[in-house]
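Biologist: Please take a close look at the ligand site for me. Then go through a few single residues elsewhere in the chain.

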Amino acid sequence: MTDRRAELATNLERLEERISAACEDAGRKREEVTTIVVTKTYPADDVRLLAGLGVRHVAENRDQDAAPKAAECAELPLTWHFVGQLQTNKVRSVVGYADMVQSVDRVKLVRALSAAAVRAGREIGCLVQVALDAESGQAGARGGVAPDGVPAVADAVAAADGLRLDGVMTVAPLAGPYAGRQRAAFERLLEISSGLRASHPAANMVSAGMSTDLEDAVRAGATHVRVGTAVLGVRPALR
Ligand SMILES: *Cc1c(COP(=O)(O)O)cnc(C)c1O
């Protein structure tokens, strides 16, 4: 085993222990929580090692980095999630490799994704990204739609050809009433999720929690956690 492979294996084991413990604490079954490893800033070689270690879901947040990496890793049995703020001019590229887009936050983006998915002959799973730091009608600092804007974006996804409405996603806000209150933020996301499921019962994915706050997310009821640093190490620079 290479050093890097051994390091990733150890980190994945530790992560597994944390998620199992969080599930047990919350009285949830381990299978209810899926791990997505966020590979942004790390090379395709790491993605390959992760796939060899049993990882099946990876996420990226910048198309410029993700597109070549996904192309290098095309033969691996991986589901690719796009989790970054997405400009409509990147949509065509993203739809080429992403199975899921977790950062759907406006109707204009829904239209672009739908057109690109139809053109590519693909079905893309979509999560509505909720900005818990945004006021009504505003966007969040890190993308996302304010809670009261979720139904309009969700309905647009559900009605769009080539797209599948799978649920909601959030990033714990750094500002606003939920700053530093991850548990409360994720509980709010779960409320939003149950509101959504009242009209879209199949949209039951809840993507929340990262390296530092995944226990809070599991406790609140997240179905997917997105973990970068805890598996791959501290990223060289904030991007
Ligand atoms: C980078 C990133 C993560 C992972 O964050 P870590 O703190 O490295 O675990 C999760 N979600 C999104 C949207 C990200 O951009």
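Modeller: What follows covers the ligand site, then some individual residues.

This is a predicted model, so to speak of local features I need pLDDT of at least 70, and side-chain atom pairs count only at pLDDT 80 or more, while totals for chains, interfaces and linings use all residues. Residues are numbered from 1 along each chain as its sequence is written, and side-chain values use heavy atoms, with hydrogens and water left out.

The ligand sits in the largest pocket. A pocket is found on a 1 Å grid over the protein atoms alone, as an open set of points where a 1.4 Å probe fits, with protein on both sides within 12 Å along at least five of seven lines. A molecule sits in a pocket if more than half of its atoms lie within 2 Å of the pocket's grid points.

The residues around the ligand are Val38, Lys40, Val83, Val171, Met210, Ser211, Arg226, Val227, Gly228, Thr229 and Arg235. Each has a heavy atom within 4 Å of the ligand. By type, this shell holds 5 nonpolar, 3 polar and 3 charged residues. Here Ala, Val, Leu, Ile, Met, Phe, Trp, Tyr, Cys and Pro count as nonpolar, Asp, Glu, Lys and Arg as charged, and the others, Gly among them, as polar.

Now the polar contacts. The term means a pair of N or O atoms within 3.5 Å; within protein, one must be able to donate a hydrogen and the other to accept it, and residues adjacent in sequence count only if both atoms are side-chain atoms. A side-chain N or O atom of lysine 40 is 2.6 Å from an oxygen atom of the ligand. Threonine 229 places a polar side-chain atom 2.6 Å from a ligand oxygen. Glycine 228 uses its backbone: a polar atom there is 2.8 Å from an oxygen atom of the ligand. On its own, the ligand has 390 Å² of accessible area, and the protein covers 89% of that. Such areas come from the Shrake-Rupley method with a 1.4 Å probe.

Next, single residues. Helices (H or I, at least four residues) and strands (E, at least two) are DSSP runs, numbered from the N terminus. Buried means under 20% relative accessible area, exposed over 50%, and partly exposed in between, with a 1.4 Å probe and protein chains only.

Threonine 41 lies in the loop between strand S1 (34-38) and helix H2 (44-52). It has a positive phi of about 75° although it is not a glycine. Threonine 41 is partly exposed, at 26% relative accessible area.

Valine 225 belongs to strand S8 (residues 224-227). Valine 225 counts as buried because its relative accessibility is 0%.

Glutamate 60 is in strand S2 (residues 57-60) and is buried, at 1%. Its side chain makes a polar contact of 2.8 Å with the side chain of lysine 69. Aspartate 105 sits in the loop between strand S4 (100-104) and helix H5 (107-120). Aspartate 105 is buried too, with a relative accessible area of 13%. Its side chain reaches the backbone nitrogen of glycine 144 at 2.9 Å.

Aspartate 155, in helix H6 (residues 150-159), is partly exposed at 40%. The side chains of aspartate 155 and histidine 200 make a polar contact of 2.8 Å. Aspartate 25 is in helix H1 (residues 3-26) and counts as exposed, at 59%. Its C-alpha is 9.2 Å from that of valine 218, 193 residues away in sequence.

Key:
1 Å grid on protein atoms, 1.4 Å probe; cavity = no way out; pocket = protein on both sides within 12 Å on 5 of 7 lines; lining within 4 Å.
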